[in-house]
Amino acid sequence: MKVLIVNNMAPFVWGGAEELAINLQKNVIIAGHDAEILRIPFQWEPATKIPSQMLMVRAFELWNVDHVIALKFPAYLIRHPRKTLWLFHQYRQAYDIFDAGQTDISFGGIRTLVKNADNESFQESSKIFAASEITRERLAKFNGFDAEILLPPMNDPELFIGGETGDYIFAGGRINGVMRQYLLLQALSQAGGNVKLIIAGPPDTPADGEKLVQIVAHLGLGDRVKLDLRFLPRKTYAQYVNGAAAIAYLPSDEDSFNYIEMEAALAGKALISTTDSSGVLGLVKHEETGWVAEATPASLADAMDSVWRNLARTQTFGMAAKDLCLSFGINWPKTVETLLR
């Protein structure tokens, strides 16, 4: 079977969705099929350009393809008689974020256009899978379609073997305001002097990286913080995870638990997140697999201090996180079989 994996792309931006597409392609090939990735250029801003980009995707005509697996808006608008959606999230600016009054869509016409196009694409899809319960619930609420939960497997799990408990908390991944690394720095300034922090990953914009540099300087944290602001080789990233005492990951309103915490859990590391991180809390259980703090510097500072109050307990939380992660039974062979059935 010839399988085409369709995803968005933004020049010089790389994240979890891109890693997933590559690993999906690799594992479809391992399963005995041909597979390629079609990356469709897309930008969110200005929102007035979104309709023309949607039209571009709908106009694509595919030949020599037996099965399409589409991942994100507007990539999943592509037409094909055998199309499977693996939905990570829709264009939330037209849905829950619009209802919350926080959208960057300036008028309701774009919202209506997005919803109508989504409904048409969902109707013509052979199967819809959702990458999290939150995504499934949002799809049912706003569009009236049901989906089967299909959690994404980890990539290269063999790298995350754990190791000795180091003297730092690690926060990895893309650097931006939504991931709130700045909040960790504010919390660190209120935590005990023995707490150290490594923040590593590529800034979405130069301003995102510079903001962290300025906070470190302003709060006088230079001797307690390492900023490694770049796209990390996987082995370097894994070394940071394996050597940490705990892993902090506190995005605002995340749809599902993420590779960052799955990798941390597999390495047997305790997890730190916040009450408003939504889907992340599928793995972060307060005082079971780590700590769930309020999204305030004071509450996070207490969680960070807790890592060193009782290291034996911290290690126990890490093993519990690993057990919970493994209990989901997520693996690539089963995932590929499900997507292609």
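This is a predicted model: local features need pLDDT of at least 70, side-chain atom pairs count only at pLDDT 80 or more; totals for chains, interfaces and linings use all residues.

Visitor: Which strands pair in the parallel sense over four bridges?

Guide: Strands (E, at least two residues) and helices (H or I, at least four residues) are DSSP runs, numbered from the N terminus. Two strands pair if DSSP finds at least two bridges between them. Here strand 7 (residues 169-172) and strand 8 (residues 197-200) pair in this way.

Visitor: In what order do the six strands form the open sheet?

Guide: The order is 9-8-7-10-11-12, with parallel pairing. Strand 9 (225-228) and strand 12 (290-293) stand at the edges with a single partner strand each, so one side of each has no neighbour in the sheet. From one strand to the next, the twist averages 20°.

Visitor: Which strands does helix 6 lie across?

Guide: Helix 6 (residues 181-188) lies across strand 7, strand 8, strand 9 and strand 10 (246-248), and runs at about 165° to strand 8. Helix 8 (residues 234-242) also packs on the sheet, touching strand 7, strand 8, strand 9 and strand 10, and makes about 145° with the direction of strand 7. Contact means heavy atoms within 4.5 Å. Axes are lines fitted to C-alpha atoms, for helices over the stretch in contact, and angles run from 0 to 180 degrees between N-to-C directions.

Visitor: At what angle do helix 1 and helix 12 pack?

Guide: Helix 1 and helix 12 (residues 332-340) pack at about 85°, with their axes 10 Å apart. They are therefore roughly perpendicular to each other, a term for angles of 65 to 115 degrees. In this contact, L20, N23, L24, N27 and V28 of helix 1 meet W332, V336, L339 and L340 of helix 12. These residues divide into seven nonpolar, two polar and no charged. Ala, Val, Leu, Ile, Met, Phe, Trp, Tyr, Cys and Pro count as nonpolar, Asp, Glu, Lys and Arg as charged, and the others, Gly among them, as polar.

Definitions and conventions: Residues are numbered from 1 along each chain as its sequence is written. Side-chain values use heavy atoms; hydrogens and water are left out. Angles under 35 degrees count as roughly parallel, over 145 as roughly antiparallel, 65 to 115 as roughly perpendicular and the rest as oblique.
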